[in-house]
Amino acid sequence: MSEESILPLAAVLVSAVAMVLIIASYRYPNVREGWSVLAALAKFGIVASMLPGVMDGTVYEWSLSESLGIEFLAGIDFVLRADPLGMLFAMLASFLWIFTSFYAAGYMRGLDEHAQTRFFASFAASLSTAVGIAFAGNLVTIFIFYELLSLVTYPLVAHNEDDEARIAGRKYLTYTFFGGGVFLLAGTVLVYWLTGQAGDPTVAFESGGIAILAEAAQADPAIAQAAFYLLIAGFGVKAAVMPLHSWLADAMVAPTPVSGLLHAVAVVKSGAFGVARVILEVFGPGLIYDLPLSVPGIGEVGLNVPVAILAAFTLTAASIIAMRKDHLKRRLAFSTTAQLSYIVLGLSMLHPYAILGALFHIPAHAFGKLTLFFCAGAIHVETHTDYVSEMAGIGKRMPLTMSAFAIGAAGMAGMPLIAGFVSKFYMLIGSGSMGGGYWIFASALIVSGILNIAYLWPVVYTAFFESEDRHDAKPLLEFPPGGKRESYFASEEVATDGGNPSGDRPHDEGQPQPADRDDESEAKGAGTPAEPEEADERGEPEATGEGDDGEFEYAVDRYPSDTDVPGTHDDHAEGHHDHGDHHHGGAPPGGWERYKPFVESTWLMMFPISVIAVGAVTLGVIPDYAVFLDLATYIVEVVFGVEWAELREMSWAEALEVMNE
């Protein structure tokens with residue numbers, strides 16, 4: 001049942017209005033950031049007010065032609081509609097923006113960042129376009145907001161205004177605005193043409209797929225197949241599906257609040273959300289399965305199979321790459337690439353259980369990954385440490401932060417009692433129930449879960465179970481197998497490579513060599529080691545491959561911190577708040593100072609970290625009481641046209657047959 005309402009439009013516009021107020025209040029930081037919090041609360045309130053009606057079957061809709069009498073395009077209206085799938089994304093983004101607003105204020109103040117007004121205004125505009133994507137009622141409307149999201153987030157990606165940030169920003173626009181936009185527009189045009197051939201051109205979303213598109217696809221299957229893959233590619237760019245993924249890691253030069261909400265929730269989730277719209281409400285699982293693709297040497301396969309294979313490859317390959325990243329935010333970026341492909345894989349398997357798991361993984365990943373990014377940002381603000389190899393013993397300095405990090409890491413790995421376990425469990429059930437060759441997708445899910453532990457557990461391990469003066473680099477695979485030579489500062493002649501002193505053989509060819517850092521060294525990108533001539537005069541060993549005893553080289557390479565990038569803080573370094581142990585990466589002289597929980601940083605940062613981490617646990621412990629699981633279940637019911645209790649008893653073939661009827 002559709003009901004005309006201004007609420008979807010209000011949910012989109014509230015943060016757009018806040019953007020204007022933020023700019024107008026640029027002279028008053030407290031007022032400026034207050035507008036961000038008020039807008040976040042108002043946006044969530046508006047979205048939440050529609051939830052009861054949506055769960056009862058009401059779709060709230062605002063149309064440009066119906067409300068203002070303005071024709072948008074020939075035969076296509078500009079429509080905002082709050083349906084179950086849109087509510088899932090809108091509820092998530094609006095709820096998490098509340099806590100990100102507090103966190104962003106603490107982060108930007110903690111680093112005394114420049115251009116804070118521009119930052120908060122762009123942030124508000126980004127949330128406005130994200131909710132526009134959630135409530136878009138057709139492919140044209142979602143295309144408009146999809147492109148706007150790329151434009152308004154560019155200032156956030158390029159915020160640092162140095163060469164690295166500008167290059168990352170241009171790459172971001174090239175991939176998401178030009179590349180993704182062209183694919184999406186081309187697919188939209190083909191869908192409009194196909195439905196027009198059947199007599200009634202339309203690009204409006206329909207639960208279970210556009211009915212007239214199914215008729216048109218039978219008459220012209222090649223065009224329908226092309227439209228499907230173009231739409232998947234267009235949304236797959238923001239979902240960071242390989243080989244369209246490299247922009248995401250480079251975009252980590254942005255401030256951590258941007259990396260958190262926009263690159264773990266709004267931007268990347270808009271891509272995964274778009275894939276859900278295409279599979280569930282444009283083509284529909286039935287048409288995708290019944291419109292086979294002829295593969296030479298294999299025969300006919302469903303349109304979903306190539307998408308599922310690509311997603312399975314992405315989640316495995318990205319997890320392996322993440323293991324090799326010493327820079328924490330880049331490690332989390334490749335983790336995001338992998339986790340987004342869980343969603344794409346679950347959707348493309350077309351099984352009700354797999355679809356349910358994929359939809360629930362949207363909020364499950366958001367809570368877990370936002371926790372991890374928030375923790376990485378707090379570490380950066382308080383200790384200026386960005387590399388895993390420099391975090392030995394940091395659990396003493398930031399106990400609550402690293403405990404929250406452990407919770408987020410467990411969720412990403414799919415450990416029980418955390419949200420990620422529930423979503424991945426449903427996807428495993430779905431892939432197992434499919435039978436045939438679909439077992440390979442279940443294997444990919446299991447292998448990737450193991451890899452998640454492999455690249456996230458070392459962060460927790462080095463923080464809590466190693467000390468500043470006794471640690472090694474064995475968890476980092478960018479070093480030779482088994483780790484480089486002894487990195488302990490003690491005098492024992494012990495080495496992890498079998499005890500060979502550094503003088504017995506030259507450095508391993510092609511491996512990064514240890515180098516001390518100068519506080520003014522030029523960074524060549526996240527994860528780029530400093531050159532040997534950049535050694536400082538802080539009394540640390542020279543970059544000669546030898547330790548304090550002259551026998552062994554360090555296993556922990558010395559990399560420049562993000563804070564050393566010229567132009568990042570140079571313009572506003574004076575007056576920077578000194579937390580007492582701020583330095584440029586790694587433990588300060590004398591080791592980490594021991595702090596009690598909740599006092600390791602400001603409440604503006606610790607409050608959001610605590611709430612989001614608790615949310616990740618809540619979604620895992622009592623998922624039946626979480627609104628997101630109810631929404632995901634209801635979406636599956638609407639798509640297949642069967643109550644969940646009945647749907648659980650059906651085979652996959654029976655469910656598709658009922659849906660097609």
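In what order do the 3 strands of the open sheet lie, and what kind of pairing do they have? In this predicted model, the order is β1-β2-β3, and the pairing is mixed. Each of the two edge strands, β1 and β3, pairs on one side only. On average, neighbouring strands of the sheet are turned by 30° against each other, if direction is ignored.

Let's walk along the sheet. β1 and β2 run in the parallel sense, joined over 3 bridges, and Ser 2 stands opposite Val 59 of β2. Helix α1 packs on this sheet, where it touches β2 and β3. The direction of α1 makes about 100° with that of β3.

Here are the elements to find in your viewer:

| Element | Residues |
|---|---|
| β1 | 2-4 |
| β2 | 59-63 |
| β3 | 79-82 |
| α1 | 7-24 |

Now to the surface. Met 415, Ile 453, Trp 457, Tyr 461, Phe 464 and Phe 465 form a nonpolar patch there, with about 590 Å² of accessible area together. One of these residues, Met 415, sits in the loop between α18 (399-413) and α19 (419-434). Met 415 counts as partly exposed because its relative accessibility is 37%, which falls between the limits of 20% for buried and 50% for exposed.

Finally, the chain as a whole. The protein chain holds 24 helices and 5 strands. Of its 661 residues, 62% are buried. Among contacts with a separation of 6 or more, 77% come from residues 24 or more positions apart. The chain exposes about 23700 Å², and carbon and sulfur atoms supply 61% of that area.

Note on methods: Residues numbered from 1 in each chain as written. Predicted model: local features only at pLDDT ≥ 70, side-chain atom pairs only at ≥ 80, totals over all residues. Heavy atoms only, no water. Patch = residues over 30% accessible without salt bridge, like charges linked within 9 Å, V, L, I, M, F, W, Y side chains within 5 Å. Areas by Shrake-Rupley, 256 points an atom, 1.4 Å probe, with all protein chains shown as cover. Salt bridge = Lys/Arg side-chain N within 4 Å of Asp/Glu carboxyl O. Helix = DSSP H or I, 4+ residues; strand = E, 2+ residues; numbered from the N terminus. Buried < 20%, exposed > 50% of the residue type's maximum accessible area, 1.4 Å probe, protein only. Pairing = 2+ DSSP bridges. Axes fitted to C-alpha atoms, helices over the stretch in contact; angles between N-to-C directions. Contact = heavy atoms within 4.5 Å.
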